[in-house]
Amino acid sequence: MQPTATIVSEEQELILSTLAPGPAQRRLAFAVVLGMLIVFGLITAGPLASLRTRPITAFVPAYATAMFVCDSITAILLFAQFSILRSRATLVIASGYVFSALILIPWILTFPGVFAPTGLIGGLQSTSWLYFFQHAGFPLFVVGYALSREAGFTTRIWQGSMRAAVALSVAWTTALVSAVAFLCTAGEALLPRVVLNSVHLSPLWPYAGAPVAAMSVVALIVLWRRHRSTLDLWLMVVMCLYTCEIPLSYYPMPFRFSIGWYSVRAFGFLSSTLVLIVLLFEIKTLYAKLLGAMLAQRREREARLMTGDAVAATIAHEVNQPLTSMVASADAGFRFLDRSVPNLERAKEAFQRIAEDGHRAGEVVGSIRAIFKTDARTRTPLDVNEIIREALALERTDLRKHRILVEAEWSAHLPEVRGDRVQVQQVLLNLITNAIHAMAAEDEPRVLCLKSEAHQGDGVIVSVADTGAGISARDLDRIFTPLFTTKSDGMGMGLSICRAIIEAHYGRLSVAPNTPRGAIFQFTLHA
Amino acid sequence: MTDHPRRSLIAVVDDDRRVLESLEILLESADCDVRLFSSPTALLESGCLREIDGLISDVGMPVMDGFDLVRVVHEARPGLPVFLVTGRPDLLNRPRRDGPGHYRLFKKPFNGQDLLTAVADALRGPGPPRS
């Protein structure tokens, strides 16, 4: 197992920005674009063109609120992803969604007839210009996203604090929106007349709209040329929706609250929710995988701790059976001999049985020994530091639960040692578990110190030091003997099995007092 | 027990052949007749449940364990003396759906004389001991 490699590949596998879209995703994206084109065709050229719709003023604030919430949530999720990946591209696209959300505030305030007949702020032209700026601005963020990703998606540029990066981006985006809002409201008189009154658009509208739509086309092309991920795919769909919105706002009916206008709002809402839906789906998948991984890790840990009580109980049972048989046969033998006329034949039979059971018990003991005997097949070169890292990872939950500080001092240049990887890890897990138990009832600070050092040239010495109650001088001699335990629920097999494993590796397992308190367990491994 | 008019018939159930045979010889040393079964099912299917005077069974067995067996046996033969032997007394504390039933428990390895005394006492019945 190569845990480090696994983590990296899974991280790549789970994050939307890196995951390549599957055929199903591509088909779905294509279907969305196709559906949008059909609606577009039906309205501009087809039978829906003549459909009359009523102005519903209440629709506008409801629409703006929904858009604001969706865009904000998308931005938050993308910022969260940035804090994991530290990729500048994610930061840029998250800012794009902040921009998209914030610009809705001046837009709704200027909309004629919502808060005031001519809008609460700005003039007649403000609403449309804010719309243009939003539709030109967001594609620019998309282009920025695509280009900064091209610069090397995995280069983690930002070295400072994540919070500062997010705060700075939000601040810059807010400043940008404020500037745009100021231009569109206070500077409304300077802007070209794109609307005639609170409802009708002017013939000038398409001249301003065309370059805005062109921005989306540019963003679409940039994404198309270098698209790789699921996020890219759905941003492309969003850019398609953006591109269609502009002509649909003007053709076939250049006024607000037309069927085209309502469709544009629907397109806008769709483009706002698409990435959000995909992100939520990703989170759901991620959550399921995370849960699965955690359960798998717990199972793995339990399986590795088999050296402890589970094995001990099995051994106890295996030895207990012949013992039971021996004691029963011995009692039977005495009874046959004690009769007024001793039944020697049956007594002999009973004693024969005892001898056989004795051999059987011997076989059980021999097979237990064989479990810990390592042969050439299972002895591989060991990366001791890697084993320590893995063991700490497996015990992480317990270490955190008992607020134990972990200090690891590993020597980078260790001689190569050989051994049974699983068994050595079992020893380490047992020692760490013991250390945790020893410290759990003690006052803080609780420090677990793991150390690896070179030993006598060709060996490695690993030490596990705790700041627990320590081991009394009286117990020091007995601690490795089977059945010795200080735990109320333990069987006292852990350390004796650990010693059996280390001795099978021609090493030594020893214990010494730690200063100022606690114990240090050390074991050696050789080439 | 030698003064008993009829030799008692004891059924022994254990999935370990050697334990089974050692119990056989122990019970025979006390002049009991013994029937051996390697599983609770084997005993229930043998049809000799009606004839036995007592039952000694292991607890930990696959499919049906000693407690299950006690329950089934007592449905057919209420009051039949039952002795359970277990090598894993640590597992006895787990919660069980059914009640404890009437049995005496011996921990493996058990003292053979104690088991025989308990069996003899039970076979004599709840009334005053026969002279």
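Modeller: Start with two helices, H3(A) and H4(A), which are roughly antiparallel to each other because angles over 145 degrees count that way, under 35 as roughly parallel, 65 to 115 as roughly perpendicular and the rest as oblique. This is a predicted model: local features need pLDDT of at least 70, side-chain atom pairs count only at 80 or more, and totals for chains, interfaces and linings use all residues. Residues are numbered from 1 along each chain as its sequence is written, with chains lettered from A and ligands numbered from 1 in written order.

Biologist: At roughly how many degrees do the axes of H3(A) and H4(A) cross?

Modeller: Axes are lines fitted to C-alpha atoms, for helices over the stretch in contact, and angles run from 0 to 180 degrees between N-to-C directions. Helices (H or I, at least four residues) and strands (E, at least two) are DSSP runs, numbered from the N terminus. Here H3 (59–85) and H4 (88–102) of chain A cross at roughly 160 degrees, their axes coming within 8 Å.

Biologist: Which residues of H3(A) and H4(A) meet?

Modeller: Contact means C-beta atoms, placed from the backbone, within 7 Å. Phe68(A), Leu78(A) and Phe82(A) are among those in H3(A), and Leu91(A) and Tyr97(A) among those in H4(A).

Biologist: In what order do the five strands of the open sheet run?

Modeller: Strands pair if DSSP finds at least two bridges between them. The order is S2-S4-S5-S7-S6 in chain A, with mixed pairing. S2 (404–410) and S6 (509–513) of chain A stand at the edges, each with a single partner strand, so one side of each lacks a neighbour in the sheet.

Biologist: In which sense do S4 and S5 of chain A pair?

Modeller: Antiparallel, over seven bridges. Lys451(A) stands opposite Ser463(A) in S5(A).

Definitions and conventions. Two residues are in contact if their C-beta atoms, placed from the backbone, lie within 7 Å.
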